[in-house]
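Take a slow look at the model below before reading on. We'll walk through it one piece at a time.

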Amino acid sequence: MRGSPRWKACAVLTRWSWALLAVVSALALAPRPVFGQTNPGAQAAAPTPAAPAPASGPATYVGSEMCQACHEDISKAFRANRHHVMEVDKKRGWDGKACESCHGPGSKHAESTSADDIRNPAKLAPRESERTCLQCHANQPTNVGRVQSGHGRSEVACVSCHSVHKTHGGDRGRARIMRINEECAACHASTWAQFQKPFRHRLPEGVMSCVDCHNPHGSLLPRSIQTVNANEPGCFRCHGDKRGPFTFEHAPVRMDGCQSCHQPHGSQNPRMLTRHEERFVCLECHANIGTTGIAKSGGTLGGVPPAFHDFRSARFLACSTCHIKVHGSHIDRAFLR
Amino acid sequence: MRLLLVCASLLPLFAQDPPKPAAEEKPVAEQTPAPAKEAAAPAGDRVISGSVDLGYRFVSGPAGNFDAYRTVVNLGEGPKVLNFDLTLVNPSSKWYDKITLFGTGWGGDPNEMTRLDASKQRLYDFHFDYRNIAYYNFLPSFANPLIDRNNFATQRGYDMRRRNIEAELRFRPGARITPYVAYSRNWGDGRGVSTFALDASNEYPVFNGLYDKTDRYRAGVNFEFTKFHVTLEQGGTTYKDDENLSTSDRNTGSRPTPFLGQQLFLTGLRQAYRVRGNSIFERAVATYTPWSWIDIAAAFLYSRPRSDVQYSQFNTGNFVNLSTFQFFTSQTQSATADSSQPHSSGNINLEIRPLRRVRVFESWMTDRYHTASSLTLSNLTIVTPQALSTLSADRLAINYNRQQAQVNIDLFRWLTVRAGHRYVWGDAVLRAPTENGGGVNRGELSQQVGLFGAQARFGQKLWINGDAEIASSDRQYFRTSLGDYRKGTLRARYQLINSFGLTGEFSALTNEDPNPNIRFDLASYMTSVGFVWNPKSGKRITILGDYTRSTFSSDLLYYMPQDLTPATSSYRERAHTGTALVDIASPVGAKYAPKLSIGGSFFTSEGSRPTSFYSPIVKLNLPVHERVQVFSEWRYYGLSETFYSYEGFRSHIFVAGLRLIR
């Protein structure tokens with residue numbers, strides 16, 4: 001609450017973060033690089049050797065054929081991988097040495113065959129591993145939400161989910177969807193457990209995947225929810241009838257989203273509701289305390305005056321029996337039609 | 001919009017690769033940064049491969065409640081095309097390099113899906129996706145005021161199909177300038193049961209016809225260069241909704257007793273909605289890397305959906321107006337309404353790497369809605385022969401902002417710590433309920449959140465990641481909003497040996513709102529453990545499983561509507577969930593080794609709605625020829641609910657079929 005030591009500490013942090021934003025903006029607009037770093041173009045012009053440069057000199061590029069001599073299985077799988085375009089496309093500058101575009105020059109490794117003499121992005125710290133990928137992928141649409149996403153901030157490296165060598169050409173249809181879900185569930189086990197409840201979106205059946213609703217690279221919306229129609233929640237992609245705009249909006253749908261009443265991953269309650277009986281979903285907000293004026297310091301939105309619904313009657317135990325247009329109504333402010 | 005569309009359509013004519021000589025001399029980072037969407041197809045002749053799973057499904061039972069079975073499972077009996085896929089690879093074709101087609105669930109299954117991908121390197125990428133999903137929901141316990149009279153027909157149910165088409169064509173994938181066009185359609189039709197309610201006097205379950213459709217068109221162009229990228233997109237939607245309710249039977253509704261000495265009933269109803277909507281939307285997103293130590297990303301998004309409504313209603317019977325206590329026998333209503341919802345969003349994100357081991361994330365976003373609407377309603381009843389027109393308006397304005405800063409520091413090569421702060425603030429204006437005297441309600445949002453986290457990596461054996469949030473809210477919109485909450489997640493992976501790995505996750509969320517009119521206490525804890533054992537890369541056997549224990553409790557004060565006495569809404573859920581799968585490939589018959597899979601899932605809970613849901617499965621796959629496999633599957637579904645035992649069901653499902661492979 002305002003005035004508490006925790007609140008004051010947070011307020012100070014807010015001010016500092018704005019100051020940080022201002023400083024960073026100024027630095028970004030500075031006419032030349034700062035912090036002694038060079039631009040990526042200059043870096044790429046002389047790619048940093050992967051392994052620590054030995055006294056005898058830096059490692060040099062040896063070409064993919066040399067790699068294939070020992071890593072034949074990887075090389076074979078790689079041919080069906082999308083990254084194989086690096087090997088054959090001369091315009092990208094790595095033709096004939098696609099392996100070294102990520103692993104760095106391999107002459108030392110080729111001589112010693114030691115894993116210490118080659119860069120392995122899978123074993124690097126996420127920061128370094130990510131930079132390897134972003135060397136090419138930084139300026140792409142998928143990267144727009146990275147900074148805002150939980151994965152980006154929590155240092156989940158690209159290689160945690162993406163397999164750079166392998167091909168999943170054999171995984172199509174349901175198998176591909178299941179593989180995506182397995183990939184996500186490997187870390188989000190408790191979320192996957194929610195899909196085992198009886199009322200759920202159909203992920204265990206393999207007809208939906210996590211990325212149908214979430215963008216793992218990040219999104220404008222919290223929880224990396226996909227967007228549709230530019231900035232609307234991705235839920236409306238399939239549930240177009242709930243989109244509106246309605247003459248009379250149900251405010252939580254717009255302000256808190258579907259999850260204010262539903263558990264979209266799965267629920268033991270019908271219609272994936274958050275409570276076992278529908279009336280509690282409604283009454284927890286509509287608590288029959290009229291609220292006018294600014295809702296703060298205890299006042300909240302959604303309060304309604306006494307409706308005199310007699311809860312001893314079964315007729316009033318399920319609100320949506322009468323308030324059928326609870327997602328929003330075109331005709332009636334009370335959502336009766 | 002038209003100008004943009006024209007530009008987008010002309011762009012392929014101008015989209016050129018960078019001049020070759022210069023490009024070849026430049027280093028890699030100066031080259032086109034994005035790899036093409038498809039790798040070069042392997043050289044060679046045309047290759048056609050694919051498979052089709054043809055089978056027959058037998059459904060035993062289901063014993064118990066058939067409507068609950070259809071609501072939860074809904075698998076039907078009969079011949080099915082369970083899966084099919086086809087791949088054409090032809091690098092020498094001038095029309096395509098690769099075409100893949102796959103589908104699943106054909107033959108009346110509740111989840112049909114088909115996807116087509118076609119591509120020609122440097123020329124186009126095409127994706128088409130079709131889904132047809134059966135929505136059936138007819139649970140006896142849901143919205144059923146007559147359940148205590150042994151009437152097991154819900155008053156809110158539906159049986160419909162929702163279909164979704166998505167198609168996107170991207171020109172010159174991998175080039176610096178990549179235009180694209182896309183179209184999608186989402187539509188649903190079916191029938192259901194819904195209620196006709198004038199007010200609290202009575203409600204009448206009636207037939208409900210459902211049909212709605214949304215078409216979405218969009219086109220854009222993606223510019224990708226070494227230091228920046230820009231995507232510009234323009235689109236639009238059209239929407240229609242033609243829902244109707246009708247009946248011609250006498251219907252006494254849910255009120256069994258007379259009201260003020262008269263029985264209320266409905267003898268006829270025609271109620272029709274005709275909603276038409278449209279929208280434009282625009283999207284501009286960009287990333288910029290001026291120097292190696294900073295990444296900048298920004299987006300501006302705008303949409304403006306609007307809708308026009310025509311509504312008509314004619315009902316006959318015996319009704320009462322609760323505000324005047326006058327009875328009437330027929331009523332005609334018509335209404336027109338329109339609403340508009342301009343919606344702007346934007347964000348800017350920075351990642352700065354001032355030092356080798358330090359990363360700073362800074363992001364700010366805003367999201368602004370403003371719905372304005374009006375309604376004109378004409379009402380004619382026998383009691384008041386003249387038509388009464390009422391005009392009303394509504395508005396909803398929401399401004400949401402979020403600013404977040406975070407620093408990640410690599411303390412050691414194996415340890416990264418992070419800390420940050422998020423500030424969320426906003427305001428909302430909405431019309432107060434009429435009973436509150438109209439006017440407007442204003443809400444404000446202000447929340448400070450401290451962010452903490454760490455990640456430890458011990459080679460590739462052990463990985464531990466933890467995140468925590470501590471929040472303090474000054475103002476919040478709703479009684480159920482999280483105010484002063486604490487949230488934490490701890491995840492770990494341990495690869496004991498190459499063939500055996502363990503995973504674990506623990507998450508907790510607690511919230512408290514001590515306001516004497518709210519008293520909201522929430523606590524949620526989830527603990528998951530899992531393992532995978534796949535010796536020799538799962539050549540002969542793979543065993544995997546996971547188990548989750550979850551507890552959830554929530555207490556929130558509310559007031560009983562009839563007498564405003566305080567009461568507590570309490571919800572409890574203590575659940576055990578598990579999934580397991582054992583894959584065994586027979587060591588005999590090397591070329592035609594049968595494969596057996598045994599597994600399934602269970603969920604069982606105690607608390608407010610004790611529920612058990614079991615779904616074991618056994619699959620057998622028997623290759624009988626290089627191109628033919630016989631498969632069979634047994635699955636069991638069982639649902640039981642302690643308090644709603646009449647909704648339980650159990651069913652055995654058998655599938656047998658052939659997989660033909662080319």
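**A walk through the model**

In chain A, take the contacts between residues at least 6 apart in sequence: 51% of them join residues at least 24 apart. Keep in mind as you look around that this is a predicted model.

What is chain A built from? Its secondary structure comes to 16 helices and 5 strands. The chain has 337 residues, and 47% of them count as buried.

Now let's see how chain A and chain B meet. Chain B puts 185 residues into the contact, and chain A puts in 135 residues. On the side of chain B that touches chain A, the largest share comes from strand 16 of chain B (residues 358-381), which supplies 9 residues. If you sort that side of chain B by residue type, you get 70 nonpolar, 76 polar and 39 charged residues.

Next, look for the nonpolar cores. The largest one has 43 residues, and the residues with the most contacts inside it are A251(A), A68(B), I398(B), A428(B), Y477(B) and L639(B). Helix 16 of chain A (residues 278-283) gives the most to this core, with 4 residues. There's also a second, separate core of 21 residues, which includes L221(A), W291(B), W293(B) and M365(B).

Finally, zoom in on one residue of the largest core, A428(B). Which residues is A428(B) in contact with, leaving aside its neighbours within four places in sequence? From chain A there are A251(A) and M255(A), and from chain B there are A397(B), I398(B), G443(B) and Y477(B). You've already met A251(A), I398(B) and Y477(B) on the list for the largest core.

Key:
Residues are numbered from 1 along each chain as its sequence is written. Chains are lettered from A and ligands numbered from 1 in the order in which they are written. This is a predicted model: local features need pLDDT of at least 70, side-chain atom pairs count only at pLDDT 80 or more; totals for chains, interfaces and linings use all residues. A nonpolar core is a set of buried Ala, Val, Leu, Ile, Met, Phe, Trp, Tyr and Cys residues joined through C-beta atoms within 7 Å. A residue is buried if 20 or more other C-beta atoms lie within 10 Å of its own, exposed if 12 or fewer, and partly exposed in between; C-beta atoms are placed from the backbone. Helices (H or I, at least four residues) and strands (E, at least two) are DSSP runs, numbered from the N terminus. Two residues are in contact if their C-beta atoms, placed from the backbone, lie within 7 Å. Ala, Val, Leu, Ile, Met, Phe, Trp, Tyr, Cys and Pro count as nonpolar, Asp, Glu, Lys and Arg as charged, and the others, Gly among them, as polar.
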